[in-house]
Amino acid sequence: MTSNHTIPVAGTLDILRARIDFPLLQELVYGKPLVYLDNAATTQKPLQVIEALEHYYKTYNSNVHRGVHFLSQIATEAYEIARRKIAKFINAAHEYEVIFTKGTTNGINLVASSFGRHFLKEGDEVLISAMEHHSNIVPWQMICEEKGAQLKVIPIDQDGVLKMELLDELLTDKVKIVAVTYVSNTLGTVNPIREIIQKAHAKSIPVLIDGAQAIQHMPVDMQELDADFFVCSGHKMYGPTGIGFLYGKEKWLNAMPPFEGGGDMIKTVTFEKTVYNELPFKFEAGTPDISGAIGLGAAVDYINQTGIRNIETAEHELMQYALDKLSGIEGLRFVGNAKERAGGISFLVGDIHPYDLGELLDKQSIAVRTGHHCTQPLMDFFGIPGTVRASFAFYNTKEEIDALVKGIEFAKRMLA
Ligand code: PMP
């Protein structure tokens with residue numbers, strides 16, 4: 001990207017070589033190389049994923065689970081292979097515990113609605129945390145309102161770390177489910193979800209993990225975590241938009257009613273009664289996003305081939321470098337100072353409005369996110385309207401962090 005750079009190799013990863021896989025990273029924005037630091041919003045896609053989508057539409061586009069014909073059988077097999085890849089990737093005990101969804105939001109709505117309808121009653125509680133994305137707040141609020149249940153919140157401290165010492169007290173007999181994010185999309189905080197799961201399980205309370213900002217950054221193992229539900233989005237893990245998955249333990253998914261009714265989720269239908277299909281189809285009504293699922297399978301292949309441990313190491317190094325460089329900017333303060341962090345860094349500079357800073361960075365072809373990041377209660381806690389967030393993928397380089405630092409210094413001079 002610059003003429004005198006050293007080749008950034010993290011662990012066994014050759015980052016410059018890997019960047020070639022991502023066509024969009026070769027594009028110019030405003031005539032300059034793109035510095036893409038909005039990976040928490042969505043990651044760029046490798047050719048392997050783009051080609052899997054193209055291959056599906058060009059050579060075997062067909063509906064799944066329905067036709068006896070050749071193409072339908074190939075499409076069904078590819079769709080189910082994608083499910084198998086995901087199950088293996090997250091070490092689910094069974095493939096049928098992986099349900100294709102539209103993404104994290106859809107997965108949480110599925111659980112809130114279906115689990116909530118069946119298990120919540122008046123006076124019950126749902127426990128979330130103060131750093132949740134709106135998509136892990138609003139669906140629970142909706143079902144709580146419907147059922148007369150209450151939403152309770154694990155508070156955080158000024159560093160953006162959960163006040164774990166309050167957890168025991170909050171896990172009352174009334175709590176029917178805990179729903180927390182693994183990694184905060186705004187603060188980058190990595191939450192101690194093993195401890196949360198263990199404490200909740202000690203009281204027989206199931207736990208949903210919002211894995212939207214975790215699965216692309218670190219290995220996740222459903223059996224080791226003992227999570228009851230885990231949701232994430234394909235587009236944040238190098239896959240297509242419009243697809244994601246919900247992992248749910250068999251015992252819960254079997255006990256829950258279907259989320260939506262329609263084709264594929266039934267065994268038999270009469271006007272008097274419908275018998276629902278078994279897992280996973282019970283939760284996949286209608287024609288699914290077939291190409292999306294296949295593309296997500298290709299994304300999982302891509303991550304496996306790159307190595308999730310290599311990704312984790314490369315991103316950790318990048319994070320340390322970015323924290324170090326950004327802290328050298330006068331007037332910059334971090335929003336979120338957790339020791340355990342991944343993904344992104346939120347910050348403010350002096351009294352510059354995040355939007356103004358974001359716009360000036362954009363004009364230098366540096367893409368960051370500004371605003372409340374769908375975490376308004378978190379912004380209220382810190383008493384700020386929003387932040388600037390730079391978020392990383394393994395393909396980002398130290399040169400790009402240097403460009404961000406230079407860009408911020410330039411914006412400071414412009415706005416002085
Ligand atoms: N939870 C977290 C932690 C997120 O970062 C996001 C996306 N910003 C979501 C949920 C929602 O994901 P999606 O919009 O892909 O459904």
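I began at the ligand and looked up histidine 133, where a polar side-chain atom lies 3.3 Å from a nitrogen atom of the ligand; a polar contact here is a pair of N or O atoms within 3.5 Å. The model is predicted, so I noted that local features need pLDDT of at least 70 and side-chain atom pairs count only at pLDDT 80 or more, while totals for chains, interfaces and linings use all residues. Residues are numbered from 1 along each chain as its sequence is written, and side-chain values use heavy atoms, with hydrogens and water left out.

I then followed two further pairs: an N or O atom in the side chain of aspartate 210 is 2.5 Å from a nitrogen atom of the ligand, and one in the side chain of histidine 235 is 2.7 Å from an oxygen atom of the ligand. On its own the ligand has 400 Å² of accessible area, of which the protein covers 84% (Shrake-Rupley method, 1.4 Å probe).

Which residues surround the ligand? I listed Thr104, Thr105, His133, Ser135, Thr181, Asn185, Asp210, Ala212, Gln213, Ser233, His235 and Lys236, a residue being near if one of its heavy atoms lies within 4 Å.

Leucine 127 has lysine 152 in β8 as its bridge partner. From β7 the chain passes through helix α5 (residues 138-147) to β8 in a right-handed β-α-β crossover, meaning that the path runs clockwise from the first strand over the helix to the second when the strands point away from the viewer.

Last, I looked at two loops. The peptide bond from leucine 279 to proline 280 is cis, with omega near 0°, and proline 280 lies in the loop between β14 (274-276) and α10 (290-306). Aspartate 226, a residue other than glycine, has a positive phi near 65°, and I found aspartate 226 in the loop between α8 (222-225) and β11 (229-233).

Definitions and conventions. A polar contact is a pair of N or O atoms within 3.5 Å; within protein, one must be able to donate a hydrogen and the other to accept it, and residues adjacent in sequence count only if both atoms are side-chain atoms. Two strands pair if DSSP finds at least two bridges between them. Helices (H or I, at least four residues) and strands (E, at least two) are DSSP runs, numbered from the N terminus.
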